[in-house]
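Here is a note to read alongside the model. Please keep the sequence and the structure open as you go through the points.

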Amino acid sequence: MPSSIITVKNLVKKYGSFEAVKGISFDVQEGEIFGLLGPNGAGKSTTLEIIETLRQKTSGEVMVDGFNLDKNPNEIKRIIGVQLQTSGYYPGLNLVQLIELFCGLYNQQVDAMELLDSVNLREKAKAQVKELSGGQRQRFSVATTLINKPRIIFLDEPTTGLDPQARRSLWELIRNIREKGTTVIITTHYMDEAEYLCDRVAIIDSGKIIALDTPDKLIDNLVASGFERPKEMKLANLEDVFIHLTGHSLREA
Ligand code: ADP
Ligand code: MG
């Protein structure tokens, strides 16, 4: 029996009179990659930031690793890794210096070069964030979520705006993080990404969860309902062509 590391019950978030999150409930199992999928404005970031203790909920109950969000937010902060917007990093510091700064804030000892190595950024150790490509920035910001050795990391649209190679490289990084036992919650509106990465997904639309299951099961259910694609699927898509022609290697040095 897998155990829940996050439980959300009847979560509601109002911005003034506008209800952005309308009473959603879900569990995240320890060690899984859980996806929150939905179009822009669905309420994904709001939900994530409430669980991350960064935003006040209107009502509902959130438990993270046995800690109640209302009573023990500091205990929750200690076991989660939160991705900051890369624009939020102190300018003027290089990657190693930024990691050392975070280590100080989290009171953690981390080998900065080893951490950079784990996200393929060793050669950028002395660079500043503004000198990095989009994919490198995202890998760096994922690395910073790992500094406090969290049980859970939260990634909000980590691959938006990346080219196919950088996207795939980030997918492998996220899988590696999960292989080491860290639970991952990710938001995305790319369905190929969710299908590749996520063990289970919740599809959220206008503040409500309208489906929650494994990608496989959701697809099987749709097919069982009589759905058929309008035209026969080819054995490859344009992204396959692109990757075949341009290769998997990252273009950002
Ligand atoms: P998503 O991440 O799925 O795109 P968000 O959680 O960012 O969605 O936003 C959900 C809804 O709440 C949107 O309609 C958005 O405009 C609104 N919203 C988000 N943040 C605020 C805020 N600080 N004040 C008012 N409305 C907000
Ligand atoms: Mg968002």
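## Notes on the predicted model

1. Start with T53. This residue sits in the loop that links helix 1 to strand 4. Helices (H or I, at least four residues) and strands (E, at least two) are DSSP runs, numbered from the N terminus. The phi of T53 is near 70°, a positive value in a residue other than glycine. Most residues other than glycine have a negative phi. T53 counts as buried because its relative accessibility is 18%. Buried means under 20% relative accessible area, exposed over 50%, and partly exposed in between (1.4 Å probe, protein chains only).

2. A word on conventions. The model is predicted: local features need pLDDT of at least 70, side-chain atom pairs count only at pLDDT 80 or more, and totals for chains, interfaces and linings use all residues. Residues are numbered from 1 along each chain as its sequence is written, chains are lettered from A and ligands numbered from 1 in the order in which they are written, and side-chain values use heavy atoms, leaving out hydrogens and water.

3. Two strands pair if DSSP finds at least two bridges between them. Strand 1 (residues 4-15) is joined to strand 2 by nine bridges. One place to look is V8, whose bridge partner in strand 2 is F26.

4. K44 belongs to helix 1. Is K44 buried or exposed? K44 counts as buried, because its relative accessibility is 5%. Leaving aside neighbours within four places in sequence, K44 is in contact (heavy atoms within 4.5 Å) with L36, L37, G38, P39, E157, T187, T188 and I204. One of these partners, E157, lies in the loop between strand 7 and helix 6. The phi of E157 is also positive, near 50°, in a residue other than glycine.

5. Which residues surround ligand 1? They are Y15, F18, A20, P39, N40, G41, A42, G43, K44, S45, T46 and R55, where near means a heavy atom within 4 Å. A backbone N or O atom of K44 is 2.9 Å from a ligand oxygen. A polar side-chain atom of S45 is 2.8 Å from an oxygen atom of the ligand. A side-chain N or O atom of R55 lies 3.5 Å from a nitrogen atom of ligand 1.

6. The largest nonpolar core has 37 residues. Such a core is a set of buried Ala, Val, Leu, Ile, Met, Phe, Trp, Tyr and Cys residues joined through side-chain atoms within 4.5 Å. Those with the most contacts inside it are I99, L116, F140, I174, V184 and I186. Elements giving two or more residues include helix 3 (95-106), helix 5 (134-145) and strand 8 (183-188). A second, separate core has 26 residues, including L48, L69, I79 and V82.

7. F140 shows the packing residue by residue. Beyond neighbours within four places in sequence, its contacts include Y89, L98, I99, L116 and V129.

Methods:
A polar contact is a pair of N or O atoms within 3.5 Å; within protein, one must be able to donate a hydrogen and the other to accept it, and residues adjacent in sequence count only if both atoms are side-chain atoms.
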